[in-house]
Every structure is written in C-alpha cells, then in structure tokens.
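Trainee: I have just opened this structure and would like to learn how to read it. Could we go through it feature by feature?

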Amino acid sequence: MKGKSKNILLGVIFLNYLSFSLPLSEIEGISKLENYNEIKNIEVERVVDYDDYNRDKKINKVFVNGENKPFSGLGLRKKSGKIMSFTIYKDGIAQGVSHSYDINGRVIGTRINKDDQLVKAKFLHKDGTGMYHIYEQIEGDYGIKTNYYPNNKIAAKMNVKVDYGIILEYINHGETTVYEKNGNLWGILNFKNNSAYGLPQKLF
C-alpha cells in the first residue's frame with residue numbers, strides 16, 4: 001500500500017508539472033507567424049498580456065498586476081487580435097530569445113536576453129525604408145547600436161545604454177558616428193542621456 005500511495009503521489013506531482021507547461025503551438029494566432037516552426041515547441045508556464053504586467057524598477061523584476069511573486073511565463077503583446085511580440089520571463093527577468101512581428105506575422109525583430117540584460121538584437125526600422133539596426137552588448141546595460149542602410153552600409157554607430165521597461169528603449173550615451181549612404185563620414189556627435197546639449201559635435 002505504501003508503494004502504491006507513493007506512486008499515486010508521484011503521478012499527481014507529474015500531472016501538476018505538466019499542467020504548468022504550455023507549448024507555444026497552443027496559443028491562438030501563433031501558427032500564423034513566420035517563424036512558427038522555430039518557436040512552436042517552446043514551453044512556458046503561462047501566457048499573460050503585456051497590459052497585465054509591469055516592471056518594478058526598484059528591484060528590476062516583472063510582476064503580473066496584483067501579484068507579489070515575480071512573473072514566470074510568456075508576456076504577449078497583441079494588436080487587433082494579432083501577435084506583435086513576445087518575451088519569455090523566468091522569476092521576473094527576461095531570458096532567452098524574444099521576437100517582434102509586423103501585422104502580417106513577419107519577423108521584424110529578434111532579441112537575445114540573458115539574466116534580464118539585452119545581449120544582442122536585430123530590428124527592422126518601422127518607417128518602411130528598409131533600414132535596420134543591430135545592438136551588441138559591451139557590458140551591463142551598455143552596448144553599441146549600429147544602424148544600417150538598406151544596402152547594408154553603416155548609417156550610424158552609437159554608444160547607447162538600454163532602458164528596460166515593458167517597451168525596451170535605447171538611450172544615446174557617448175559618441176555617435178554618422179555616415180552618408182555612400183559611406184562618407186558625415187559627423188561625430190556626443191550625447192549624455194539622449195541629450196547633445198553643451199557637448200562637442202563635429203560635422204564634415
């Protein structure tokens with residue numbers, strides 16, 4: 001009897017574990033995304049709309065509104081019923097690969113997070129010009145954001161720091177080098193917390 005009870009207990013624990021594992025393939029609308037086959041087998045504890053969670057900047061962790069336990073699961077952003085982006089959280093911090101999409105489900109951005117820090121990112125610009133940027137971490141919240149023209153030539157190389165909110169933002173902080181489409185140097189600019197006021201600037 002003791003052995004039988006033990007088996008039943010283990011079975012209950014196993015079933016409880018399974019109930020908290022949700023493959024992305026079961027999320028409504030996920031099959032319409034361009035990279036569905038790449039992400040469909042990723043499992044998360046639960047799915048929460050991005051309007052329903054916030055970052056506590058004092059301890060730099062994400063919580064579902066009304067809850068006091070750091071959020072573990074997938075934060076999902078939708079527009080008109082279509083998936084626009086998702087981020088995976090573990091114990092309130094972003095981990096792994098996150099993606100952003102246009103209204104047709106095409107991948108327009110990919111981020112790699114490690115322990116809530118952005119390690120690398122690539123995004124198409126939303127203005128439809130075909131420009132894109134790549135971010136690469138140097139240390140902590142600081143990194144280099146490089147903007148590219150559609151012909152893959154560098155448009156600007158910027159020293160930035162990352163502001164982690166529900167929507168990630170880059171803050172110009174340090175030197176920015178700007179290039180023309182033909183590759184000629186246009187200027188060397190300096191910023192401090194997104195402001196160029198009072199700092200040396202050089203145009204060519």
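Mentor: Helices (H or I, at least four residues) and strands (E, at least two) are DSSP runs, numbered from the N terminus. Before going on, note that this is a predicted model, in which local features need pLDDT of at least 70 and side-chain atom pairs count only at pLDDT 80 or more, while totals for chains, interfaces and linings use all residues. Residues are numbered from 1 along each chain as its sequence is written, and side-chain values use heavy atoms, with hydrogens and water left out.

Trainee: Is P150 buried, partly exposed or exposed, and why?

Mentor: Buried means under 20% relative accessible area, exposed over 50%, and partly exposed in between (1.4 Å probe, protein chains only). P150 has 47% relative accessibility, so P150 counts as partly exposed.

Trainee: Which residues is P150 in contact with, leaving aside its neighbours within four places in sequence?

Mentor: Contact means heavy atoms within 4.5 Å. With neighbours within four places left out, P150 is in contact with T129, G130 and M131.

Trainee: Let me try T146 next. Where does T146 lie, and is T146 buried or exposed?

Mentor: T146 lies in strand β13 (residues 142-148). T146 counts as buried because its relative accessibility is 7%. Beyond four places in sequence, the contacts of T146 are Y132, H133, I134, I154, A156 and K157. One of these, H133, is 13 residues from T146 in sequence, and the two C-alpha atoms are 5.4 Å apart.

Trainee: What does H173 touch, not counting residues up to four places away in sequence?

Mentor: H173 has its place in strand β15 and touches Y142, N159, V160, K161, F191, K192 and N193. The C-alpha atoms of H173 and K161 are separated by 6.4 Å, and the two residues are 12 apart along the chain. With 22% relative accessibility, H173 counts as partly exposed.

Trainee: Which strand holds K61?

Mentor: K61 is in strand β5 (residues 61-64), and at 30% relative accessibility K61 counts as partly exposed. Its contacts beyond four places in sequence are N54, R55, D56, P70, D91, G92 and I93. K61 and D91 are 30 residues apart along the chain, with 7.8 Å between their C-alpha atoms.

Trainee: Which backbone angles should I look at in the loops?

Mentor: S80 is not a glycine, yet has a positive phi of about 55 degrees; S80 sits in the loop between β6 and β7 and counts as exposed at 73% relative accessibility. D115, in the loop between β10 and β11, also has a positive phi, near 50 degrees, in a residue other than glycine. D115 is partly exposed, with a relative accessible area of 49%.

Trainee: How do the lining residues of the largest pocket divide?

Mentor: They divide into 16 nonpolar, 9 polar and 8 charged. Ala, Val, Leu, Ile, Met, Phe, Trp, Tyr, Cys and Pro count as nonpolar, Asp, Glu, Lys and Arg as charged, and the others, Gly among them, as polar.

Trainee: Where should I be careful in this model?

Mentor: pLDDT is the predictor's confidence in each residue, from 0 to 100. The chain has a mean pLDDT of 89, and 89% of its residues reach 70 or more. Over residues 8-19, however, pLDDT stays under 50, and the model has 0 contacts beyond four places in sequence for them. Where pLDDT is low, the predicted coordinates should not be read in detail.
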